Amino acid sequence: MKTTPALAAAALAVLALAGTASASASASAESSPTADGYLWLTVTRTTAAGDSVTDTVRLDCPGREGDGHPHRTSACADLAAADGDFDALPGRDTALCSDEAVEVVATAHGGYRGRATHWAHTYESDCHLTLATGEIFDFQGARREQRSR
């Protein structure tokens with residue numbers, strides 16, 4: 001096979017463009033608003049009567065203000081402090097509690113700092129959820145689905 005100067009120049013141009021595209025994609029991924037985490041969070045509250053309400057929100061870290069989670073900045077800070085481990089969240093020392101009998105199931109699915117995240121935990125009330133997780137799951141009414149028994 002005979003290589004001509006034009007063919008060699010075209011091959012070098014393709015390689016140069018491929019390198020530029022790769023570097024550009026890498027830089028874009030590092031500066032992406034979802035570089036740290038992109039998670040779908042749900043909280044399902046089920047009463048003793050069997051009625052349930054599910055709230056869902058997207059948590060995008062670092063993200064942009066006004067998008068998704070109503071307490072995004074503090075939720076992302078708590079998640080960073082726990083290095084993405086929902087069982088190690090700082091939580092809160094105090095919370096507003098009631099005597100209402102509600103089973104609360106919290107879930108998180110998505111990714112955080114390159115790791116897949118699939119987490120779920122059941123709490124005996126919103127109070128226990130807040131004490132354990134802080135503001136991560138504090139988004140009641142953000143996006144709601146109701147089911148009656």
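I call a residue buried under 20% relative accessible area, exposed over 50% and partly exposed in between, with a 1.4 Å probe and protein chains only. The model is predicted, so I take local features only at pLDDT of at least 70 and side-chain atom pairs only at pLDDT 80 or more, while totals for chains, interfaces and linings use all residues. Residues are numbered from 1 along each chain as its sequence is written, and side-chain values use heavy atoms, without hydrogens and water.

**Entry: T133**

I looked up T133 and found T133 in helix α3, residues 126–133. Helices here are DSSP runs of H or I with at least four residues, strands are runs of E with at least two, and both are numbered from the N terminus. T133 counts as buried because its relative accessibility is 1%. I then listed its contacts, meaning heavy atoms within 4.5 Å. Leaving out residues up to four places away in sequence, T133 touches D78, L89, G91 and Y123.

**Entry: helix α2**

Which residues of helix α2 are buried? In this helix, residues 72–81, I noted R72, A75, C76, D78 and L79. Seen down the axis of α2, they fall within an arc of 160°, so they line one face of the helix. The arc is taken over the directions from the helix axis to the C-beta atoms. An α-helix has 3.6 residues a turn, so residues three or four places apart point the same way. I checked what the buried residues of α2 pack against: strands β1 (37–47), β2 (52–61) and β3 (102–112), and helix α3. After α2 comes D83, with a positive phi near 50°.

**Entry: aromatic pairs**

I searched the whole structure for aromatic pairs and got five. Rings of Phe, Tyr and Trp (its six-membered ring) pair if their centres lie within 6.5 Å; planes under 30 degrees apart count as stacked, over 60 as edge-to-face and the rest as tilted.

For Y38 and W40 the ring centres are 6.4 Å apart and the planes stand at 90°, so I logged the pair as edge-to-face. Y38 is partly exposed, at 34% relative accessible area, and W40 is partly exposed at 33%.

For F86 and W119 the centres are 5.2 Å apart and the planes at 25°, so this pair is stacked. The pair links distant parts of the chain, 33 residues apart: F86 lies in the loop between α2 and β3, and W119 in strand β4, residues 115–123. F86 is buried at 4%, and W119 is buried at 10%. I followed the ring pairs onward and found F86, W119, F137 and F139 linked into a cluster.
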